[in-house]
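Please look over the structure below, with attention to one strand, its partners and a residue beside it.

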Amino acid sequence: MSHISKILVVEDNPLLLLDLCDLLTDLGYSPLPATNAGAGAHLLDASIDALITDIELGAGPDGLALARLAASTLPHLPIIVVSGGVRPTAADLPAGALFFPKPYRVETLVSVLHRPSHAQAA
């Protein structure tokens, strides 16, 4: 299993984004915050170890579009999709992505990132 350190976090609610990034930092991760899918796509590169994205991101592409882009660009990237309203079907999610409804426990999110099925290929 590879080491997960840098997590791209995409959330349009600034308070939720700040809280999640602070909690991830407290847990020893290096979060990269983005407030929309466009900003998230701009930060998406091979240095990212995981993606956590909300589905509903305001105007522009949603988090599912970003998750699909991430999965096609970085096929071994662990992806977690969250939402307080939208409940995607398995067909809506890219292969291997996981969905968590809000509210969620941050510890639960990061624990699934370390499961062997979500570890990046060496």
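Strand β4 (residues 79-83) is largely enclosed by the rest of the structure, because five of its five residues are buried, where buried means under 20% relative accessible area with a 1.4 Å probe and protein chains only. Strands here are DSSP runs of E with at least two residues, and helices are runs of H or I with at least four, numbered from the N terminus. The model is predicted, so local features need pLDDT of at least 70 and side-chain atom pairs count only at pLDDT 80 or more, whereas totals for chains, interfaces and linings use all residues. Residues are numbered from 1 along each chain as its sequence is written, and side-chain values use heavy atoms, with hydrogens and water left out.

**Faces of β4**
- Ile79, Val81 and Ser83 point one way from β4, Ile80 and Val82 point the other way, and all are buried.
- In a regular strand the side chains alternate between the two faces of the sheet.

**Thr53**
- Thr53, which is found in strand β3 (residues 50-54), is buried with a relative accessible area of 0%.
- Beyond its neighbours within four places in sequence, Thr53 is in contact with Val10, Gly63, Leu66, Ile80, Val81 and Val82, contact meaning heavy atoms within 4.5 Å.

Notes:
Buried means under 20% relative accessible area, exposed over 50%, partly exposed in between (1.4 Å probe, protein chains only).
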